[in-house]
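Open the model in your viewer and follow the stops below in order. Each stop says what to select and what is there.

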Amino acid sequence: MEKNVYIHYLIGELESYVIDNRNKIEKLISNQKKISVQDSVFIFDKFSNSLRKTKDLIKLSREINDRDTLRTISIISSETVAWVMFTLPSIESSMPVFLENLIVYDRHIIDALGELLLEFDEFIETPEKLKAVNPEVFNMINEISMTFGHLSKMIEKGAVEN
């Protein structure tokens with residue numbers, strides 16, 4: 001029972017985190033023609049953290065037996081990946097980084113996110129499969145999360161005046 005409470009807390013936390021940051025990022029995008037360097041740092045950091053939280057939640061799913069909880073984890077994971085995947089191209093033209101140079105596991109980052117989205121959509125239909133998720137899914141989420149985290153740090157360091 002304790003584990004279930006913790007899982008539901010993490011689900012709620014991820015959902016709140018994504019909704020809150022999605023709204024902030026949508027405002028940044030709609031209010032500016034060109035996104036500033038600091039806004040890019042903010043966006044990449046939020047992408048990184050949301051994917052890291054998703055990975056952590058999926059890791060814990062192996063210990064869950066409740067089908068509805070597994071389905072909920074699949075849904076919030078799918079929504080998180082979709083948010084990142086569909087927001088990224090809309091900010092590409094104003095980012096200080098070329099999107100085509102973002103490669104994860106020999107795939108363009110959008111393609112890697114698309115593959116993850118398809119995986120999670122399958123888990124929504126058959127939540128039991130989430131318990132036996134392929135380690136490559138963990139690794140891909142982790143790599144994408146780390147890529148955004150590194151971009152955030154690199155851009156932030158590059159913006160510091162000497």
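Helices of at least four residues and strands of at least two are DSSP runs, numbered from the N terminus. The model is a predicted one.

Start with Y105, in the loop between β1 (103-104) and β2 (107-108). Its phi is near 50°, a positive value in a residue other than glycine. Most residues other than glycine have a negative phi. Y105 is partly exposed, because its relative accessibility is 39%.

Select D106 next, in the loop between β1 and β2. Phi of D106 is also positive, near 60°. At 78% relative accessibility, D106 counts as exposed.

Move to T80 in helix α3 (residues 67-91). T80 is buried, with a relative accessible area of 0%. Leaving out residues up to four places away in sequence, T80 touches L14, V18, S50, L51 and T54.

Now show the aromatic rings; the count comes to 4 aromatic pairs. F47 and W83 form an edge-to-face pair, 5.1 Å centre to centre with 85° between the planes. The pair links F47 in helix α2 (residues 37-60) to W83 in helix α3, 36 residues apart. F47 counts as buried at 0% relative accessibility, and W83 counts as buried at 7%.

F47 also pairs edge-to-face with F148, at 5.3 Å centre to centre and 65° between the planes. F148 lies in helix α5 (residues 135-159) and F47 in helix α2, so this pair ties together parts 101 residues apart in sequence.

Finish at K53, whose charged end sits over the ring of Y17, 4.8 Å from the ring centre.

Technical notes. Residues are numbered from 1 along each chain as its sequence is written. This is a predicted model: local features need pLDDT of at least 70, side-chain atom pairs count only at pLDDT 80 or more; totals for chains, interfaces and linings use all residues. Side-chain values use heavy atoms; hydrogens and water are left out. Buried means under 20% relative accessible area, exposed over 50%, partly exposed in between (1.4 Å probe, protein chains only). Contact means heavy atoms within 4.5 Å. Rings of Phe, Tyr and Trp (its six-membered ring) pair if their centres lie within 6.5 Å; planes under 30 degrees apart count as stacked, over 60 as edge-to-face and the rest as tilted. A charge sits over a ring if NZ of Lys or CZ of Arg is within 6 Å of the ring centre and within 35 degrees of the ring normal.
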